[in-house]
Amino acid sequence: MSELTTRAGALDAADELAGVRKQFVLDEVVYLDGNSLGALPANVPGRVEDVVLRQWGRMRIRSWDESGWWTAPERIGDKIAPLVGAAHGQIVVGDSTSVNVFKALVAAVRMADADRDEILVDATTFPTDGYIAESAARMTGRTLRPVTPAEVPGALNDRTAAVLLNHVDYRTGRLHDLPSLTAAVHAAGAVAVWDLCHSAGALPVGLDEHGVDLAVGCTYKYLNGGPGSPAYLYVRRELQDRFDSPLPGWNSHAEPFGMRPAFEPASGALRGRVGTPDILSMLALEAALEVWDGVRIEAVRAKSLALTDFFLECVAAYVPEGRVESVTPVAHSERGSQVALRCDDAGDVMKRLIERGVVGDFRHPDVLRFGFTPLYVGFADVERAARVLGEVLR
(Lines give C-alpha, C1' and ligand atoms only; values in the text may rest on other atoms or scores of the structure.)
Protein backbone atom coordinates (compact mmCIF):
# COMPACT_ATOMS: atom_id res chain seq x y z
CA MET A 1 0.00 0.00 0.00
CA SER A 2 1.43 3.38 -1.03
CA GLU A 3 1.81 6.37 1.28
CA LEU A 4 -0.84 8.21 -0.71
CA THR A 5 -3.28 5.33 -0.34
CA THR A 6 -2.70 5.28 3.41
CA ARG A 7 -3.22 9.04 3.64
CA ALA A 8 -6.42 8.81 1.61
CA GLY A 9 -7.81 6.32 4.12
CA ALA A 10 -6.92 8.55 7.04
CA LEU A 11 -8.47 11.60 5.38
CA ASP A 12 -11.68 9.70 4.68
CA ALA A 13 -11.83 8.51 8.28
CA ALA A 14 -11.60 12.12 9.52
CA ASP A 15 -14.08 13.53 6.97
CA GLU A 16 -17.11 15.14 8.66
CA LEU A 17 -19.11 14.81 5.43
CA ALA A 18 -18.33 11.13 4.87
CA GLY A 19 -21.76 10.05 6.14
CA VAL A 20 -23.57 12.04 3.44
CA ARG A 21 -22.24 9.69 0.76
CA LYS A 22 -24.69 6.94 1.75
CA GLN A 23 -27.57 9.22 0.74
CA PHE A 24 -26.60 8.82 -2.95
CA VAL A 25 -26.96 5.99 -5.44
CA LEU A 26 -23.35 5.12 -6.26
CA ASP A 27 -21.36 2.15 -7.51
CA GLU A 28 -17.68 1.21 -7.86
CA VAL A 29 -17.06 3.91 -10.44
CA VAL A 30 -15.09 6.99 -9.36
CA TYR A 31 -17.53 9.67 -10.44
CA LEU A 32 -15.78 13.00 -11.05
CA ASP A 33 -18.34 14.53 -13.41
CA GLY A 34 -20.76 15.98 -10.87
CA ASN A 35 -19.95 19.41 -12.29
CA SER A 36 -21.93 18.28 -15.36
CA LEU A 37 -24.56 16.01 -13.77
CA GLY A 38 -24.77 15.28 -10.08
CA ALA A 39 -25.33 11.77 -8.75
CA LEU A 40 -28.81 10.56 -7.84
CA PRO A 41 -29.87 11.13 -4.22
CA ALA A 42 -31.36 7.87 -2.94
CA ASN A 43 -34.63 9.43 -1.76
CA VAL A 44 -35.58 10.86 -5.16
CA PRO A 45 -37.06 7.74 -6.87
CA GLY A 46 -39.56 7.17 -4.06
CA ARG A 47 -40.56 10.83 -4.05
CA VAL A 48 -41.06 10.88 -7.80
CA GLU A 49 -43.16 7.72 -7.57
CA ASP A 50 -45.37 9.42 -4.99
CA VAL A 51 -45.73 12.53 -7.15
CA VAL A 52 -46.68 10.47 -10.20
CA LEU A 53 -48.90 7.79 -8.66
CA ARG A 54 -50.54 9.58 -5.73
CA GLN A 55 -50.35 13.32 -6.32
CA TRP A 56 -50.95 13.18 -10.07
CA GLY A 57 -52.53 9.74 -10.42
CA ARG A 58 -55.09 9.90 -7.60
CA MET A 59 -55.34 13.53 -6.50
CA ARG A 60 -54.98 14.97 -9.99
CA ILE A 61 -55.80 18.70 -10.17
CA ARG A 62 -56.32 18.93 -6.41
CA SER A 63 -52.55 18.66 -6.01
CA TRP A 64 -52.02 22.23 -7.21
CA ASP A 65 -53.36 23.29 -3.81
CA GLU A 66 -53.31 20.23 -1.57
CA SER A 67 -49.85 18.97 -2.57
CA GLY A 68 -48.30 22.43 -2.80
CA TRP A 69 -47.59 22.37 -6.52
CA TRP A 70 -48.52 26.00 -7.02
CA THR A 71 -46.05 27.34 -4.46
CA ALA A 72 -43.20 24.98 -5.42
CA PRO A 73 -41.11 27.58 -7.33
CA GLU A 74 -40.69 29.91 -4.37
CA ARG A 75 -40.67 27.14 -1.73
CA ILE A 76 -37.80 25.33 -3.45
CA GLY A 77 -36.11 28.66 -4.05
CA ASP A 78 -36.04 29.16 -0.30
CA LYS A 79 -34.33 25.77 0.05
CA ILE A 80 -31.58 26.84 -2.35
CA ALA A 81 -31.21 30.27 -0.75
CA PRO A 82 -28.94 29.26 2.19
CA LEU A 83 -26.58 27.48 -0.20
CA VAL A 84 -25.91 30.72 -2.08
CA GLY A 85 -26.08 33.10 0.87
CA ALA A 86 -29.53 34.56 0.29
CA ALA A 87 -32.38 35.27 2.68
CA HIS A 88 -35.80 33.83 1.91
CA GLY A 89 -38.10 35.41 -0.66
CA GLN A 90 -35.44 36.25 -3.26
CA ILE A 91 -35.13 33.08 -5.34
CA VAL A 92 -37.68 31.51 -7.64
CA VAL A 93 -37.14 28.15 -9.34
CA GLY A 94 -38.23 27.41 -12.90
CA ASP A 95 -37.25 27.44 -16.57
CA SER A 96 -33.70 26.76 -17.78
CA THR A 97 -30.52 28.64 -16.97
CA SER A 98 -30.53 30.12 -20.47
CA VAL A 99 -34.05 31.49 -20.05
CA ASN A 100 -33.17 32.92 -16.65
CA VAL A 101 -30.02 34.56 -18.02
CA PHE A 102 -32.22 36.25 -20.61
CA LYS A 103 -34.72 37.42 -18.01
CA ALA A 104 -32.01 38.69 -15.69
CA LEU A 105 -29.89 40.49 -18.28
CA VAL A 106 -32.78 42.25 -20.02
CA ALA A 107 -34.23 43.24 -16.65
CA ALA A 108 -30.80 44.53 -15.60
CA VAL A 109 -30.58 46.75 -18.68
CA ARG A 110 -34.10 48.03 -18.05
CA MET A 111 -33.04 48.99 -14.51
CA ALA A 112 -30.10 51.02 -15.80
CA ASP A 113 -30.23 54.64 -16.90
CA ALA A 114 -31.38 55.08 -20.50
CA ASP A 115 -28.07 56.63 -21.60
CA ARG A 116 -26.11 53.54 -20.57
CA ASP A 117 -25.82 51.75 -23.88
CA GLU A 118 -23.25 49.01 -23.30
CA ILE A 119 -23.38 45.50 -21.83
CA LEU A 120 -20.20 43.77 -20.69
CA VAL A 121 -20.15 39.98 -20.90
CA ASP A 122 -17.58 37.46 -19.70
CA ALA A 123 -15.54 36.60 -22.80
CA THR A 124 -14.66 33.21 -21.29
CA THR A 125 -18.26 32.32 -20.51
CA PHE A 126 -20.19 29.17 -21.32
CA PRO A 127 -21.31 29.72 -24.94
CA THR A 128 -25.04 29.96 -24.21
CA ASP A 129 -24.53 32.94 -21.89
CA GLY A 130 -22.76 34.71 -24.75
CA TYR A 131 -25.52 33.86 -27.21
CA ILE A 132 -28.17 35.14 -24.80
CA ALA A 133 -26.19 38.30 -24.07
CA GLU A 134 -25.86 39.05 -27.78
CA SER A 135 -29.60 38.60 -28.27
CA ALA A 136 -30.41 40.73 -25.22
CA ALA A 137 -28.15 43.50 -26.53
CA ARG A 138 -29.89 43.50 -29.92
CA MET A 139 -33.31 43.49 -28.30
CA THR A 140 -32.53 46.39 -25.98
CA GLY A 141 -30.54 48.41 -28.50
CA ARG A 142 -27.28 48.12 -26.57
CA THR A 143 -23.75 47.29 -27.66
CA LEU A 144 -22.23 44.08 -26.36
CA ARG A 145 -18.57 44.08 -25.33
CA PRO A 146 -16.90 40.79 -24.36
CA VAL A 147 -14.13 41.16 -21.77
CA THR A 148 -12.40 38.77 -19.41
CA PRO A 149 -13.37 39.08 -15.74
CA ALA A 150 -9.91 40.50 -14.99
CA GLU A 151 -10.54 43.26 -17.55
CA VAL A 152 -13.92 44.27 -16.12
CA PRO A 153 -12.73 46.99 -13.68
CA GLY A 154 -10.85 48.77 -16.46
CA ALA A 155 -13.69 48.36 -18.97
CA LEU A 156 -16.42 49.84 -16.76
CA ASN A 157 -17.52 53.40 -17.50
CA ASP A 158 -20.58 55.65 -17.48
CA ARG A 159 -21.92 53.84 -20.55
CA THR A 160 -22.07 50.44 -18.82
CA ALA A 161 -25.63 49.26 -18.16
CA ALA A 162 -25.05 45.70 -16.98
CA VAL A 163 -22.32 43.12 -16.56
CA LEU A 164 -22.83 39.35 -16.94
CA LEU A 165 -20.14 37.21 -15.31
CA ASN A 166 -19.51 33.58 -14.38
CA HIS A 167 -18.51 32.86 -10.81
CA VAL A 168 -16.40 29.85 -11.87
CA ASP A 169 -14.95 29.29 -15.34
CA TYR A 170 -16.47 26.06 -16.65
CA ARG A 171 -13.30 25.03 -18.52
CA THR A 172 -10.52 25.79 -16.07
CA GLY A 173 -12.28 25.88 -12.70
CA ARG A 174 -10.98 29.40 -12.01
CA LEU A 175 -12.99 31.14 -9.29
CA HIS A 176 -13.55 34.81 -10.01
CA ASP A 177 -13.66 37.46 -7.29
CA LEU A 178 -17.39 38.03 -6.92
CA PRO A 179 -17.15 40.54 -4.03
CA SER A 180 -14.65 42.89 -5.66
CA LEU A 181 -16.10 42.64 -9.16
CA THR A 182 -19.61 43.30 -7.87
CA ALA A 183 -18.32 46.31 -5.94
CA ALA A 184 -16.60 47.62 -9.07
CA VAL A 185 -19.77 47.22 -11.14
CA HIS A 186 -21.77 49.10 -8.51
CA ALA A 187 -19.17 51.86 -8.26
CA ALA A 188 -19.63 52.41 -11.99
CA GLY A 189 -23.41 52.64 -11.54
CA ALA A 190 -24.14 49.41 -13.41
CA VAL A 191 -26.07 46.23 -12.54
CA ALA A 192 -24.25 42.98 -11.72
CA VAL A 193 -25.60 39.65 -13.01
CA TRP A 194 -23.82 36.45 -11.96
CA ASP A 195 -24.03 32.90 -13.34
CA LEU A 196 -23.54 30.47 -10.42
CA CYS A 197 -23.80 27.17 -12.31
CA HIS A 198 -20.34 25.98 -11.26
CA SER A 199 -20.28 27.39 -7.74
CA ALA A 200 -23.68 26.86 -6.09
CA GLY A 201 -23.42 23.80 -3.88
CA ALA A 202 -19.63 23.74 -4.05
CA LEU A 203 -18.59 26.89 -2.20
CA PRO A 204 -20.03 29.88 -0.33
CA VAL A 205 -21.40 32.55 -2.67
CA GLY A 206 -22.71 35.29 -0.37
CA LEU A 207 -25.28 36.90 -2.66
CA ASP A 208 -26.83 39.08 0.05
CA GLU A 209 -23.55 39.80 1.81
CA HIS A 210 -21.90 41.11 -1.34
CA GLY A 211 -24.89 42.99 -2.72
CA VAL A 212 -25.29 40.98 -5.93
CA ASP A 213 -28.19 42.37 -7.94
CA LEU A 214 -29.31 39.37 -9.99
CA ALA A 215 -28.06 35.80 -10.25
CA VAL A 216 -28.97 32.60 -12.05
CA GLY A 217 -27.89 29.00 -11.82
CA CYS A 218 -28.68 25.43 -12.73
CA THR A 219 -29.56 22.71 -10.23
CA TYR A 220 -28.32 19.53 -11.92
CA LYS A 221 -24.62 19.91 -11.09
CA TYR A 222 -23.55 20.28 -7.45
CA LEU A 223 -27.19 20.51 -6.33
CA ASN A 224 -27.91 17.04 -7.79
CA GLY A 225 -31.40 17.87 -9.06
CA GLY A 226 -31.34 15.50 -12.03
CA PRO A 227 -30.97 15.88 -15.81
CA GLY A 228 -32.71 19.03 -17.00
CA SER A 229 -33.86 19.98 -13.51
CA PRO A 230 -35.18 23.56 -13.39
CA ALA A 231 -32.85 26.49 -12.87
CA TYR A 232 -33.30 29.40 -10.47
CA LEU A 233 -33.32 33.18 -10.51
CA TYR A 234 -32.22 35.44 -7.65
CA VAL A 235 -33.54 39.00 -7.47
CA ARG A 236 -32.15 41.09 -4.62
CA ARG A 237 -34.98 42.23 -2.40
CA GLU A 238 -34.27 45.93 -2.86
CA LEU A 239 -34.60 45.58 -6.64
CA GLN A 240 -37.70 43.40 -6.82
CA ASP A 241 -40.13 46.25 -7.41
CA ARG A 242 -37.96 47.36 -10.36
CA PHE A 243 -37.54 43.90 -11.88
CA ASP A 244 -39.19 44.19 -15.31
CA SER A 245 -39.11 40.73 -16.86
CA PRO A 246 -38.98 40.46 -20.65
CA LEU A 247 -41.08 37.28 -20.28
CA PRO A 248 -44.21 38.27 -18.36
CA GLY A 249 -46.48 35.27 -17.99
CA TRP A 250 -49.66 34.40 -16.20
CA ASN A 251 -47.66 32.86 -13.35
CA SER A 252 -45.91 36.18 -12.69
CA HIS A 253 -49.15 38.18 -12.74
CA ALA A 254 -50.33 39.78 -9.51
CA GLU A 255 -53.63 37.96 -10.02
CA PRO A 256 -52.78 34.86 -12.07
CA PHE A 257 -56.30 33.45 -12.11
CA GLY A 258 -57.90 36.80 -12.91
CA MET A 259 -57.16 36.23 -16.61
CA ARG A 260 -56.92 39.96 -17.17
CA PRO A 261 -55.77 41.30 -20.55
CA ALA A 262 -53.35 43.80 -18.99
CA PHE A 263 -50.25 42.57 -17.18
CA GLU A 264 -49.70 43.62 -13.60
CA PRO A 265 -46.54 42.08 -12.09
CA ALA A 266 -46.66 40.13 -8.86
CA SER A 267 -44.69 41.40 -5.92
CA GLY A 268 -41.32 39.99 -4.90
CA ALA A 269 -39.29 37.30 -6.62
CA LEU A 270 -42.49 35.85 -8.11
CA ARG A 271 -41.94 38.35 -10.94
CA GLY A 272 -39.37 35.86 -12.19
CA ARG A 273 -41.99 33.18 -12.86
CA VAL A 274 -43.40 32.81 -16.38
CA GLY A 275 -45.62 29.83 -17.13
CA THR A 276 -46.86 26.63 -15.53
CA PRO A 277 -44.10 25.05 -13.38
CA ASP A 278 -42.56 21.76 -14.53
CA ILE A 279 -43.81 19.87 -11.51
CA LEU A 280 -42.24 16.43 -11.98
CA SER A 281 -38.66 17.67 -12.27
CA MET A 282 -39.25 20.44 -9.76
CA LEU A 283 -40.41 18.07 -7.03
CA ALA A 284 -37.56 15.67 -7.83
CA LEU A 285 -35.25 18.63 -7.19
CA GLU A 286 -37.00 19.40 -3.93
CA ALA A 287 -36.38 15.84 -2.75
CA ALA A 288 -32.75 15.99 -3.90
CA LEU A 289 -32.13 19.12 -1.84
CA GLU A 290 -32.89 17.18 1.34
CA VAL A 291 -29.34 15.80 1.28
CA TRP A 292 -28.25 19.29 2.33
CA ASP A 293 -30.12 19.11 5.64
CA GLY A 294 -27.56 19.75 8.36
CA VAL A 295 -24.70 20.32 5.92
CA ARG A 296 -22.65 23.52 6.24
CA ILE A 297 -21.53 25.03 2.94
CA GLU A 298 -18.30 26.06 4.68
CA ALA A 299 -17.56 22.38 5.39
CA VAL A 300 -18.25 21.58 1.75
CA ARG A 301 -15.79 24.25 0.65
CA ALA A 302 -13.10 23.03 3.04
CA LYS A 303 -13.43 19.48 1.75
CA SER A 304 -13.53 20.64 -1.86
CA LEU A 305 -10.20 22.40 -1.47
CA ALA A 306 -8.72 19.41 0.37
CA LEU A 307 -9.89 17.05 -2.39
CA THR A 308 -8.50 19.16 -5.22
CA ASP A 309 -5.22 19.74 -3.36
CA PHE A 310 -4.86 15.99 -2.80
CA PHE A 311 -5.72 15.22 -6.43
CA LEU A 312 -3.04 17.61 -7.69
CA GLU A 313 -0.54 16.03 -5.30
CA CYS A 314 -1.46 12.52 -6.48
CA VAL A 315 -1.28 13.56 -10.14
CA ALA A 316 2.23 14.93 -9.54
CA ALA A 317 3.21 11.62 -7.95
CA TYR A 318 1.61 9.21 -10.43
CA VAL A 319 1.59 10.92 -13.84
CA PRO A 320 4.79 10.98 -15.93
CA GLU A 321 6.41 14.41 -15.82
CA GLY A 322 5.37 16.74 -18.61
CA ARG A 323 2.43 14.60 -19.67
CA VAL A 324 -0.26 16.92 -18.27
CA GLU A 325 -0.44 20.56 -17.25
CA SER A 326 -2.95 21.91 -14.74
CA VAL A 327 -4.81 24.99 -15.93
CA THR A 328 -6.70 25.30 -12.65
CA PRO A 329 -5.30 27.95 -10.28
CA VAL A 330 -3.22 26.72 -7.36
CA ALA A 331 -4.41 29.52 -5.05
CA HIS A 332 -7.47 28.50 -3.04
CA SER A 333 -9.01 31.95 -3.49
CA GLU A 334 -9.00 31.40 -7.26
CA ARG A 335 -10.13 27.76 -7.43
CA GLY A 336 -13.62 26.33 -7.77
CA SER A 337 -14.36 22.63 -7.21
CA GLN A 338 -12.77 21.12 -10.28
CA VAL A 339 -9.33 20.46 -11.73
CA ALA A 340 -8.67 20.86 -15.44
CA LEU A 341 -5.59 19.19 -16.90
CA ARG A 342 -4.30 20.01 -20.37
CA CYS A 343 -3.26 16.89 -22.25
CA ASP A 344 -2.36 16.47 -25.94
CA ASP A 345 -4.65 13.48 -26.55
CA ALA A 346 -7.27 14.39 -23.94
CA GLY A 347 -10.26 13.00 -25.80
CA ASP A 348 -8.75 9.53 -26.13
CA VAL A 349 -7.36 9.62 -22.59
CA MET A 350 -10.79 10.36 -21.12
CA LYS A 351 -12.33 7.47 -23.05
CA ARG A 352 -9.72 5.14 -21.59
CA LEU A 353 -10.26 6.50 -18.08
CA ILE A 354 -14.00 5.90 -18.35
CA GLU A 355 -13.37 2.34 -19.56
CA ARG A 356 -11.36 1.82 -16.36
CA GLY A 357 -14.04 3.22 -14.06
CA VAL A 358 -12.90 6.84 -13.65
CA VAL A 359 -15.49 9.23 -15.06
CA GLY A 360 -14.58 12.83 -15.81
CA ASP A 361 -15.15 14.71 -19.03
CA PHE A 362 -13.33 16.13 -22.02
CA ARG A 363 -13.46 19.76 -23.14
CA HIS A 364 -12.28 20.61 -26.64
CA PRO A 365 -9.53 20.75 -27.68
CA ASP A 366 -7.22 19.34 -24.99
CA VAL A 367 -8.70 19.52 -21.47
CA LEU A 368 -9.42 16.67 -19.06
CA ARG A 369 -11.95 18.04 -16.56
CA PHE A 370 -12.53 16.48 -13.15
CA GLY A 371 -15.28 17.76 -10.86
CA PHE A 372 -15.21 17.10 -7.13
CA THR A 373 -18.58 16.95 -5.38
CA PRO A 374 -17.72 16.89 -1.67
CA LEU A 375 -21.02 15.32 -0.62
CA TYR A 376 -20.12 11.99 -2.20
CA VAL A 377 -16.52 12.07 -3.46
CA GLY A 378 -13.91 10.76 -1.03
CA PHE A 379 -10.14 10.91 -0.81
CA ALA A 380 -9.77 7.25 -1.80
CA ASP A 381 -11.68 8.11 -4.99
CA VAL A 382 -9.22 10.92 -5.66
CA GLU A 383 -6.15 8.74 -5.13
CA ARG A 384 -7.57 6.01 -7.38
CA ALA A 385 -8.45 8.49 -10.14
CA ALA A 386 -4.94 9.95 -10.21
CA ARG A 387 -3.35 6.47 -10.07
CA VAL A 388 -5.43 5.23 -13.02
CA LEU A 389 -4.65 8.44 -14.94
CA GLY A 390 -0.95 7.78 -14.41
CA GLU A 391 -1.32 4.21 -15.65
CA VAL A 392 -3.23 5.32 -18.74
CA LEU A 393 -0.64 7.98 -19.59
CA ARG A 394 2.22 5.52 -19.26
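A cavity is a set of grid points where a 1.4 Å probe fits but cannot get out, and a lining residue has an atom within 4 Å of such a point. The views below show a predicted model.

**View 1. The largest cavity and its lining.** The count comes to one cavity of 30 Å³ or more. The largest cavity has a volume of about 60 Å³. Its lining is made up of R21, L26, D27, V29, V30, Y31, Y376, V377 and D381.

**View 2. The largest pocket.** The space in the largest pocket comes to about 250 Å³. Lining this pocket are 18 residues, and the closest to its centre are F126, C197, H198, Y220 and K221. Rolling a probe the size of a water molecule over the atoms shows where empty space is left.

**View 3. Strand 5 and its cover.** Five of the five residues of strand 5 are buried, and the strand is described as mostly covered. Cover is present on both faces: E118, L120 and D122 are buried on one side, and I119 and V121 are buried on the other.

**View 4. Strand 5 between its partners.** Strand 5 pairs with strand 6 (residues 143-147) in the parallel sense, over five bridges. Within this pairing, V121 has P146 of strand 6 as its bridge partner. Strand 5 also runs parallel to strand 7 (residues 160-166), to which four bridges join it. There, I119 stands opposite A162 of strand 7. Strands of a sheet pair through backbone hydrogen bonds, either parallel or antiparallel.

**View 5. The crossover from strand 5 to strand 6.** Helix 6 (residues 127-140) belongs with strand 5 and strand 6 to a β-α-β unit. The unit is right-handed.

View 6. E118 is found in strand 5, which spans residues 118-122. Is E118 buried or exposed? E118 counts as buried because its relative accessible area is 5%, and the cut-off for buried is under 20%. The side chain of E118 makes a polar contact of 3.1 Å with the side chain of R145. Leaving aside neighbours within four places in sequence, E118 is in contact with R142, T143, R145, A155, N157, R159, T160, A161 and A162.

**View 7. Helix 9 and what covers it.** Helix 9 (residues 279-288) is mostly covered, with eight of its ten residues buried. The buried residues are I279, M282, L283, A284, L285, E286, A287 and A288. Which elements are included in the cover of these buried residues? The cover includes strand 3 (40-41), helix 2, helix 3, helix 4 (72-80) and strand 4.

View 8. Four strands form an open sheet in the order 11-12-15-14, and their pairing is antiparallel. Strand 11 (325-326) and strand 14 (361-363) are the edge strands, each pairing on one side only. Strand 12 (residues 338-342) and strand 15 (residues 367-371) run antiparallel and are joined by five bridges. In this pair, V339 stands opposite F370 of strand 15.

View 9. P365 lies in the loop between strand 14 and strand 15. The peptide bond from H364 to P365 is cis, and its omega is near 5 degrees.

**View 10. Positive phi at R60.** R60 is placed in the loop between helix 2 (44-56) and helix 3 (63-66). Its phi is near 50 degrees, a positive value in a residue other than glycine. R60 counts as exposed because its relative accessibility is 52%, and the cut-off for exposed is over 50%.

**View 11. Positive phi at D95.** D95 has a phi near 65 degrees, which is again positive in a residue other than glycine. The residue sits in the loop between strand 4 (91-93) and helix 5. Why does D95 count as partly exposed? D95 counts as partly exposed because its relative accessibility is 30%, which lies between the cut-offs of 20% and 50%.

Technical notes
Residues are numbered from 1 along each chain as its sequence is written. This is a predicted model: local features need pLDDT of at least 70, side-chain atom pairs count only at pLDDT 80 or more; totals for chains, interfaces and linings use all residues. Side-chain values use heavy atoms; hydrogens and water are left out. Helices (H or I, at least four residues) and strands (E, at least two) are DSSP runs, numbered from the N terminus. Buried means under 20% relative accessible area, exposed over 50%, partly exposed in between (1.4 Å probe, protein chains only). A polar contact is a pair of N or O atoms within 3.5 Å; within protein, one must be able to donate a hydrogen and the other to accept it, and residues adjacent in sequence count only if both atoms are side-chain atoms. Contact means heavy atoms within 4.5 Å. Two strands pair if DSSP finds at least two bridges between them. A crossover is right-handed if, with the strands pointing away from the viewer, the path from the first strand over the helix to the second runs clockwise. On a 1 Å grid over the protein atoms alone, a cavity is a set of points where a 1.4 Å probe fits but cannot get out, and a pocket is an open set with protein on both sides within 12 Å along at least five of seven lines; lining residues have an atom within 4 Å of a point. Grid points are joined across faces, edges and corners, and a volume is the space filled by probe spheres set on the points.
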